[in-house]
Amino acid sequence: MIADKMVNLVKNSSAIRAMFEEGKIMAAKYGAENVYDFSLGNPNVPAPAEVKKAVFEELEKEDPVVLHGYMNNSGYEDVRAAIADSINRKFQTSFGEKNIIMTVGAAGGLNVILKTLLNPGDEVIVIAPYFGEYNSYVSNYDGKIVVVSPNTETFQPNLEELEQKITARTKAVIINSPNNPTGVVYSEDTIKKMADILRSREKELGTDIYLISDEPYRELVYDGIEVPYLTKYYENAIIGYSYSKSLSLPGERIGYLVIPDEVSDAEDVIAAANVATRILGYVNAPSLMQKVVAKCLDAKVDVPFYNRNREALYNGLRELGFECIKPEGAFYLFVKSPVEDEKVFCAAAKKYHILIVPGSSFACPGYVRIAYCVSYETIMNSMPGFKALAEEFQV
Ligand code: PLP
């Protein structure tokens, strides 16, 4: 007998797995080149050359007892110091090694910080559309998710509703910019207004509200757009970073949390995050990868590759009459479904071997997510299918 809490989680995750399996069956039936699988956010550009070089260098030069050993649960001191210095250089901050906790990707980091902060029944506000896994991460620690409804004009957060939804039980707000699934970057103006709202509600309620910035897509931005660094705008900001997308290393499970000295009870939060890393069973972030990322702090994946896909997909779909806003970052396009029930549209797309994800998976029904971390050919070859869909649904 599995735990009651797991029953629904298994049901939901099998829906996503079913789509993945369906893609594989389609590929076997029609040939992989004739299936346009836009369902997964799995980077398709290789890790930069610096990563491979650093892996070999570490294996050659580092003492294997150190390289493969346990270390402080928060990570190697030299790695954390190198990351802190790099952030300080890029964003004019003043973090030290103690402010950095190495994590098992963004997912590991979010679980560590939520384990650190949440008492049962504490509320965590998320802004729709949002990465659906947040529901599970919050429920892991018996928190309650509170959803701010989407602003479908701009997909910037609906700040009035955010203000209204803050209660004495609000422990954290999670934001994600560049955003999965919209590709929107929250502007500096949005961040400043959001910080003012949080500060004023903290004062009114006499509570602390931690703003958790989930930013695995920070480096994947286009047209020179700047992604504001949250700790410069709000004292109680905590950053969750990951190399899964920025260095195309999702399987290696490596990222970090930044917990600034300015957050309330910083020392306790840092100490608790260290313990949470251990007791959640991570113990520490993967040792070899910690050393590798410390040597690749300025390395970049081929962002122009994603940009070419973005332009081709966005322009192609707009010409066909589909409605969407141009993503400024990440590798997703969020398109308005031509029918209210977007699941009908996703099902119809399968006829043309196109796999896309319904917006209801991101608490934003009526839209679909198209992940363009695919080959350029996949995008170009899918266009006749999208044209047929446009005709079928009279967009
Ligand atoms: N947060 C967002 C918004 C994501 O899109 C993802 C992965 O797709 C994650 C977190 C998890 O990232 P990681 O693989 O680093 O755990």
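View 1. Of the 13 residues around the ligand, G105, A106, A107, S242 and S244 come nearest; a residue counts as near if its C-beta atom, placed from the backbone, lies within 6 Å of the molecule. This is a predicted model, where local features need pLDDT of at least 70 and side-chain atom pairs count only at pLDDT 80 or more, while totals for chains, interfaces and linings use all residues. Residues are numbered from 1 along each chain as its sequence is written. Helix α5 (residues 105-117) gives the most to this shell, with three residues. Helices (H or I, at least four residues) and strands (E, at least two) are DSSP runs, numbered from the N terminus. By class, the shell holds five nonpolar, seven polar and one charged residue, with Gly counted as polar and Ala, for instance, as nonpolar.

**View 2. The open sheet.** Here you can follow seven strands in the order β2-β8-β7-β6-β5-β3-β4, with mixed pairing; strands pair if DSSP finds at least two bridges between them. β2 (100-103) and β4 (144-148) stand at the edges with a single partner strand each, so one side of each lacks a neighbour in the sheet. Strand β3 (residues 123-127) pairs with β4 in the parallel sense over five bridges, and E123 stands opposite K144 in β4.

**View 3. The two domains.** The domain assignment, automatic or from a database, gives domain 1 (4-48 + 301-392) and domain 2 (49-294). Their C-alpha centres lie 26 Å apart. The contact (C-beta atoms, placed from the backbone, within 7 Å) takes 28 residues from domain 1 and 31 residues from domain 2.

How values were computed
Contact = placed C-beta atoms within 7 Å.
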